[in-house]
Amino acid sequence: WATDVVFVPAYKDGAAPFGQWPARYLQTRYQWYKNGISKGLSEDIGGAVLHKQGGKTISQRVGWLGFAWNWSRDQHWISAGYPAAAPFNGQRMNLNAASYAYNGSVGASPAPVGMGNDMTGGCSGGPWIWRFGAGNHVNGVNSYRRSTKPKELYSPYFGNAAKSLYDALRKGTC
């Protein structure tokens with residue numbers, strides 16, 4: 001379902017100041033892989049373990065974000081992504097600050113979390129950073145928006161499913 005995935009930290013206008021980091025392996029939640037939209041949206045999350053570059057891991061080179069799960073939905077996040085549809089062009093990372101708005105209604109359980117956000121297609125998979133600047137924990141991802149609400153973006157709720165994916169990636173059990 002995905003091949004030749006490469007992570008480019010700090011990508012900007014075609015520049016890769018910290019190099020390109022190929023994925024060694026990828027993993028996603030089975031619910032998402034099996035059902036996709038819309039029955040899988042509650043688990044639309046995935047991760048990658050990257051190859052080392054020059055003997056260093058990506059976190060040794062550029063740092064890392066923590067991971068938070070099973071927290072209240074009533075949070076404030078900074079979401080990051082590379083939106084490519086107009087008015088954006090996918091060449092620069094965009095940040096968007098917003099708080100919890102309400103639960104998504106796609107029939108998935110647990111219900112996705114919604115926030116105000118004007119990023120467009122291409123931003124998918126970007127992190128929702130909780131406690132930005134004072135902890136920096138991933139607590140959601142840019143997943144989907146409803147065509148009737150173009151200024152809202154949804155993430156799967158980061159509960160036990162997200163934690164199990166995180167643990168599998170850390171242990172290398174993919």
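Okay, quick definition to start: I'm calling a residue buried under 20% relative accessible area, exposed over 50%, and partly exposed in between, with a 1.4 Å probe and protein chains only. This is a predicted model, so to speak: local features need pLDDT of at least 70, side-chain atom pairs count only at pLDDT 80 or more, and totals for chains, interfaces and linings use all residues. Numbering starts from 1 along each chain as its sequence is written, and side-chain values use heavy atoms, with hydrogens and water left out.

Let's look at helix α3, residues 160-171. Helices here are DSSP runs of H or I, at least four residues, and strands are E runs of at least two, numbered from the N terminus. Which residues of α3 are buried? Ala 162, Lys 163, Leu 165, Ala 168 and Leu 169. They pack against β2 (21-28), β3 (46-50) and β4 (66-67).

Now the core. By nonpolar core I mean buried Ala, Val, Leu, Ile, Met, Phe, Trp, Tyr and Cys residues joined through side-chain atoms within 4.5 Å. The largest one has 10 residues, among them Tyr 25, Phe 67, Phe 158 and Leu 165. Both β9 (137-141) and α3 supply at least two residues each, and α3 gives the most, with 3. There's also a second, separate core of 8 residues, including Trp 77 and Met 115.

Back to Phe 67: leaving aside neighbours within four places in sequence, its contacts (heavy atoms within 4.5 Å) are His 137, Val 138, Phe 158, Ala 162, Lys 163 and Tyr 166.

Terms used:
Expected span 1.5 Å × (residues − 1).
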